[in-house]
Amino acid sequence: MICVLRLSHRKIRDQRVSTHVFLVARAFGADEGVLCGELDKNLLDGIAKITKVWGGNFKVRYEENWRKFLIERKKEGWKIVHLTMYGLDFEEEIKKLKNKIGKKDGKIVVVVGSQKVPPEVYQIADINIAVYNQPHSEVAALAIFLDRLVDKKTLEKKLEGGVIKIIPDRCMKKVIRVKKD
Ligand SMILES: C[S@@+](CC[C@H](N)C(=O)[O-])C[C@H]1O[C@@H](n2cnc3c(N)ncnc32)[C@H](O)[C@@H]1O
């Protein structure tokens with residue numbers, strides 16, 4: 001089980017990037033997205049609609065208190081992974097995490113920031129992981145991290161269902177409707 005938590009969302013400033021965080025989470029194998037910061041119903045509805053149309057079981061919801069959420073998840077046995085440029089090298093750490101996720105009860109919360117991340121997040125996290133020790137983007141960091149963590153077979157299985165499907169084609173857009181709305 002993989003949950004992606006987006007910290008400190010600002011409705012006007014972050015709408016596009018936070019949406020992309022959840023689009024990447026869903027497409028790259030996460031099971032759940034949690035929005036913290038300002039409540040943004042349009043964003044949550046938009047992601048739910050994408051899942052309905054394109055398949056999978058990705059759930060997205062709002063959580064007012066990220067601290068309480070992370071502490072509770074930790075107690076329930078989830079591993080908290082914070083993506084930050086200040087963290088340890090992801091190539092090494094991902095091997096250990098992959099082991100965990102493969103197990104039936106493997107549960108990981110991946111935390112991505114937006115504005116300045118509170119120091120407490122670094123302390124609550126079981127591990128702070130960097131996708132290279134350079135500043136870049138939460139969307140890129142999450143995509144690279146999940147791509148390494150989740151294998152392709154699991155990914156395809158997680159995204160079954162939906163009402164439309166792409167037929168990959170070299171030179172045109174081919175989309176079929178697999179069932180009625
Ligand atoms: C654009 S950064 C801003 C970070 C913020 N100024 C701070 O104090 O941490 C937003 C988020 O992108 C992610 N991020 C950026 N660079 C990263 C890297 N090299 N490795 C992992 N995550 C990264 C982190 O989750 C970070 O919180």
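Buried means under 20% relative accessible area, and exposed means over 50%. Keep that cut-off handy for these exercises, which use a predicted model.

**Exercise 1. Is valine 21 buried or exposed, and which residues does it touch?**

Step 1: Start with where valine 21 lies, which is helix 1.

Step 2: Look up its relative accessible area, which is 0%. Valine 21 is therefore buried.

Step 3: List its contacts, skipping residues up to four places away in sequence. That leaves Val4, Arg6, Val112, Glu138, Val139 and Leu142.

Step 4: Valine 21 and glutamate 32 are 11 residues apart in sequence, and their C-alpha atoms are 12 Å apart in space.

**Exercise 2. Is serine 8 buried or exposed, and in which strand does it lie?**

Step 1: Find the strand: serine 8 is part of strand 1, which covers residues 2-9.

Step 2: Check the accessibility. Serine 8 has 18% relative accessibility, so it counts as buried.

Step 3: Now the contacts, leaving aside neighbours within four places in sequence: Asp14, Cys36, Gly37, Ser114 and Gln115.

**Exercise 3. Where does arginine 10 lie, and what does it touch?**

Step 1: Follow the chain to the loop between strand 1 and helix 1 (15-27); arginine 10 lies there.

Step 2: Leave out residues up to four places away in sequence, and arginine 10 touches Gln15, Glu38, Ser114 and Gln115.

**Exercise 4. Where does the ligand sit, and how many residues surround it?**

Step 1: Locate the ligand: it's in the largest pocket.

Step 2: Count the shell. There are 19 residues around the ligand, and the closest are Leu83, Gly113, Val131, Tyr132 and Gln134.

Step 3: See which elements supply at least two shell residues each: strand 4 (79-89), strand 6 (127-130) and helix 6 (138-149). Strand 4 gives the largest share, 3 residues.

Step 4: Go through some polar pairs. A nitrogen atom of the ligand is 2.9 Å from a backbone N or O atom of valine 131. For tyrosine 132, a polar backbone atom lies 2.7 Å from a ligand nitrogen. With glutamate 138, a backbone N or O atom is 3.3 Å from an oxygen atom of the ligand.

Step 5: Finish with the cover. On its own the ligand has 570 Å² of accessible area, and the protein covers 80% of that.

Definitions and conventions
Residues numbered from 1 in each chain as written. Predicted model: local features only at pLDDT ≥ 70, side-chain atom pairs only at ≥ 80, totals over all residues. Heavy atoms only, no water. Helix = DSSP H or I, 4+ residues; strand = E, 2+ residues; numbered from the N terminus. Buried < 20%, exposed > 50% of the residue type's maximum accessible area, 1.4 Å probe, protein only. Contact = heavy atoms within 4.5 Å. Near = heavy atom within 4 Å. Polar contact = N/O pair within 3.5 Å; in protein donor to acceptor, adjacent residues only side chain to side chain. Areas by Shrake-Rupley, 256 points an atom, 1.4 Å probe, with all protein chains shown as cover. 1 Å grid on protein atoms, 1.4 Å probe; cavity = no way out; pocket = protein on both sides within 12 Å on 5 of 7 lines; lining within 4 Å. Sits in = over half its atoms within 2 Å of the grid points.
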